[in-house]
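Trainee: I would like to learn how to read the packing of a model. Please take me through it.

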Amino acid sequence: MTEGGYAPVPLLSLEGVSKHFTLHNQNGVRLPVLEQVDLSAYAGECIVLDGASGVGKSTLLKLIYANYRTTGGSIRLLPGTPAELELTRATPRQLLAARRESIGYVSQFLRVIPRVSALDVVAESLLEAGQDGPLAMHDRTLRRVNPAQNDARAEAASWLHRLGIAERLWSLPPSTFSGGEQQRINIARSLIKPRPVLLLDEPTASLDDANKSIVIDIIGEARARGAAIIGTFHDPTVAAAVATRRFSLDGSRMLT
Amino acid sequence: MAADSATPLLCARALRRLYGRIVALEEVSFELWPGEILAIVGESGSGKSTLLHVLAGQLEPDEGEVLFDLPGRGLQDIYRLCEGERRTLARTDWGFVHQHAVDGLRMHVSAGANVVERQMALGERHYGRLRRLALDWLQHVELDPARIDDAPVIFSGGMRQRLQIARNLVTLPRLVFLDEPTSGLDVSVQARLLDLLRRLTRELGLAVVLVTHDLAVARLLAHRTMVMQLGRVVESGLTDQLLDDPVHPYTQLLVSSVLPP
């Protein structure tokens, strides 16, 4: 990371991050999951989270994506840049913008949207970016074709093709697809837009070896373009293939 | 979402409304930005419908203000506008989709006339243009244009809701209030309506205040969600945050009481 001879700046920086769940309807039982996690992620690296099941690997990714709310500590996105954002204190509107522009997240399961084709599910994030454009306030009409739409669909098609989704499926909603197909849709959907920070939660869990190696290549390409990647990988071969650094969460849990 | 706009579109400040001694709304404040979809969830009696009517200019609050960004004038308290201004606002820049289509449609007037009523109220009289507009909008909401001369009284529940949506969106409003738009519909009809709402809100960049008791509807449509209980907002945040990591005891109860949305 320091080959260039200057001090690198992380794209993401966690300091003292803790997460406790309080279950009010279970007699207020308190579950400490993460305690005082410090972690910085730099451009071009892939950090693989290690630790036993239940240690909080997915929870950490969800905290960074602001899907879960931190109990303590700070998570700074793009620190030192004009776009710097303290994710634990950001407004919903800032978080939505951060997700749109800066943080990609591949979850374990695809949350399907009824009646939307696989192609459009994958293309969606490219169109979201242009949402203020062609159909903005002063010129809104449904008849106008969004010029970005064809480009976005072409890009989505190339991702689906690369991930081996048969072309006859592209126009169908992914709700009826197999687990592995849904996961590949999820990967394409989340990675199609080249965001600087990528969070991968078991992206290869239900993939065969051929598709695993495609995803390994995609992760390598994201690193090469300067993304900072943090992920969990159940499969030790995949983990070894993508990791530039390992980070163990085993010690972070407070034993109470 | 229009991330670069400098002012919110709608702004609620410390709203309070009583029915006799019953507190229906207490200390409700929030901002809604252009293109943003906000869900208000809570059970019956939580104050969510009262809030919707207060926001939509139909029920004056006892305390607090509802501000709307008027073109060229900035944020204005809608209850300080004169009646005529408020009415014009309600039928051009706002839409209101009722839970029961009979409250939002003229049931014995043709579908086409229902769609273009707002346009006619704004002064459009050209029959050919009105008819073309009606045909366009029937298609936008996936209704068969051949039904243009039929009255909604012979439409199904899902068709009536779609007609109501067309009738509201025909003036390209910036803000739409949706009151339980999918309740009472069959599941397959709901899915189609939700997909339609999702598409139209995105394509038109609509800001929406959506009242629903269905957390799955909030998950699918809303960027943000507010949870109400006994007239107060007990928790608010990104919709997925609120559903996946609810913090307030009442939100936890709501989320754990339903099958995973």
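Trainee: By class, what does the lining of the largest cavity have?

Mentor: Rolling a probe the size of a water molecule over the atoms shows where empty space is left. In this predicted model, the lining of the largest cavity has 9 nonpolar, 2 polar and no charged residues. Ala, Val, Leu, Ile, Met, Phe, Trp, Tyr, Cys and Pro count as nonpolar, Asp, Glu, Lys and Arg as charged, and the others, Gly among them, as polar. A cavity is a set of points on a 1 Å grid over the protein atoms alone where a 1.4 Å probe fits but cannot get out; lining residues have an atom within 4 Å of a point.

Trainee: Which residues line the largest cavity?

Mentor: Among them are Ile165(B), Asn168(B), Leu197(B) and Thr201(B). Helix H6 (157–169), strand S7 (175–179) and H7 of chain B each give two or more residues to the lining. Helices (H or I, at least four residues) and strands (E, at least two) are DSSP runs, numbered from the N terminus. About 60 Å³ of space lies in this cavity, as the space filled by probe spheres set on the points, which are joined across faces, edges and corners.

Trainee: How many residues has the largest nonpolar core?

Mentor: In soluble globular proteins, nonpolar side chains tend to be buried together. Here the largest nonpolar core has 88 residues, and Ile185(A), Val115(B) and Ile165(B) have the most contacts inside it. Helix H7 (residues 187–204) of chain B gives the most, 6 residues. Such a core joins buried Ala, Val, Leu, Ile, Met, Phe, Trp, Tyr and Cys residues through side-chain atoms within 4.5 Å. Buried means under 20% relative accessible area, exposed over 50%, partly exposed in between (1.4 Å probe, protein chains only).

Trainee: Why is strand S9 of chain B largely enclosed?

Mentor: 5 of its 6 residues (224–229) are buried, so the rest of the structure largely encloses S9(B). Strand S3 (residues 37–41) of chain B runs parallel to S9(B), with 4 bridges. Strand S10 (residues 232–238) of chain B runs antiparallel to S9(B), with 6 bridges. Two strands pair if DSSP finds at least two bridges between them.

Trainee: What lies between S9(B) and S10(B)?

Mentor: The two form a hairpin with 2 residues between them, and Leu230(B) in the turn has a positive phi of about 50°.

Trainee: Is Ala6(B) buried or exposed?

Mentor: Ala6(B) counts as exposed because its relative accessibility is 73%. Ala6(B) lies in the segment before strand S1 (10–19) of chain B.

Trainee: What conventions apply?

Mentor: Residues are numbered from 1 along each chain as its sequence is written, and chains are lettered from A in the order in which they are written. Local features need pLDDT of at least 70, side-chain atom pairs count only at pLDDT 80 or more, totals for chains, interfaces and linings use all residues, and side-chain values use heavy atoms, without hydrogens and water.

Methods: On a 1 Å grid over the protein atoms alone, a cavity is a set of points where a 1.4 Å probe fits but cannot get out, and a pocket is an open set with protein on both sides within 12 Å along at least five of seven lines; lining residues have an atom within 4 Å of a point.
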